[in-house]
Amino acid sequence: EFERINLGYYYLQFVEKIGQEGEVNLKLFNLLKSALEALQQNNNYFLQKITFDMKVIDIFGYKPVVDRCAACQKFNDIGNLADISSGGRICAACAEKHASKALEKLDSTSYKLMDFIQKNNYPVIMEARVNVSILKEVNMFLNKFIDYHFENLELSTRKYLNY
């Protein structure tokens, strides 16, 4: 199962590149263990990849803000725009201030999926059924988010994934 193998290699490369050699990181180890177990039991590779990405970046303190404005921290009028450099979703007022930046527009369901992943563990997440268009949108956003916040990470295995 080529797709399963490629995703496993992606996990290993991500952990190798982001982890510090000789440093104990129990959260990262447990995440990798959960991801590899899910890889054996579940064929929803797209959701698995997104979940792994979200959980890894959370461990390293770069969790995308999806439930409030990443710039001003307000919960109201947040809309569907995201500013990757600010850390996630932004409100209409902050979007005007950041108009010169490249803002990402995501479906509200994409934000709900990211919030769901942030708040749940692997077994619960793997039970979710998500529209492929939402998975694609979140995946593209996360790839850009990771590239921005973890510059020079260069995950060559990403190009072998079919999503």
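This is a predicted model: local features need pLDDT of at least 70, side-chain atom pairs count only at pLDDT 80 or more; totals for chains, interfaces and linings use all residues.
View 1. Aspartate 77 has 56% relative accessibility, so aspartate 77 counts as exposed. Its place is in the loop between H3 and E1. Phi of aspartate 77 is positive, near 55°, and the residue is not a glycine. Glutamine 73 is found in the loop between helix H3 (45–59) and strand E1 (81–83). Glutamine 73 likewise has a positive phi, about 70°, although it is not a glycine. With 38% relative accessibility, glutamine 73 counts as partly exposed.

**View 2. The open sheet.** The sheet is formed by 3 strands in the order E2-E1-E3, with antiparallel pairing. Strand E2 (88–90) and strand E3 (104–105) stand at the edges; each has a single partner strand, so one side of each has no neighbour in the sheet. E1 and E2 run antiparallel and are joined by 3 bridges. Within this pairing, alanine 82 has arginine 89 in E2 as its bridge partner.

**View 3. Helix H1 beside helix H3.** The axes of helix H1 (residues 2–18) and H3 come within 11 Å of each other and cross at roughly 5°. Because of that angle, H1 counts as roughly parallel to H3. On the H1 side, the residues in contact are Glu3, Arg4, Leu7, Tyr10, Tyr11, Phe14, Val15 and Ile18. On the H3 side they are Tyr45, Gln48, Lys49, Phe52, Asp53 and Val56. The residues of this contact divide into 9 nonpolar, 1 polar and 4 charged.

**View 4. Cysteine 91 and cysteine 94.** The structure holds 0 disulfides. Cysteine 91 is in no disulfide, and the nearest cysteine sulfur, that of cysteine 94, lies 3.6 Å away. Seen from cysteine 94, which is also in no disulfide, the nearest cysteine sulfur is that of cysteine 91, at 3.6 Å. A disulfide requires the two sulfur atoms to be within 2.5 Å. Are these two cysteines buried or exposed? Cysteine 91 has 6% relative accessibility and therefore counts as buried. Cysteine 94, at 4% relative accessibility, counts as buried too.

Conventions:
Residues are numbered from 1 along each chain as its sequence is written. Side-chain values use heavy atoms; hydrogens and water are left out. Buried means under 20% relative accessible area, exposed over 50%, partly exposed in between (1.4 Å probe, protein chains only). Helices (H or I, at least four residues) and strands (E, at least two) are DSSP runs, numbered from the N terminus. Two strands pair if DSSP finds at least two bridges between them. Axes are lines fitted to C-alpha atoms, for helices over the stretch in contact, and angles run from 0 to 180 degrees between N-to-C directions. Angles under 35 degrees count as roughly parallel, over 145 as roughly antiparallel, 65 to 115 as roughly perpendicular and the rest as oblique. Contact means heavy atoms within 4.5 Å. Ala, Val, Leu, Ile, Met, Phe, Trp, Tyr, Cys and Pro count as nonpolar, Asp, Glu, Lys and Arg as charged, and the others, Gly among them, as polar.
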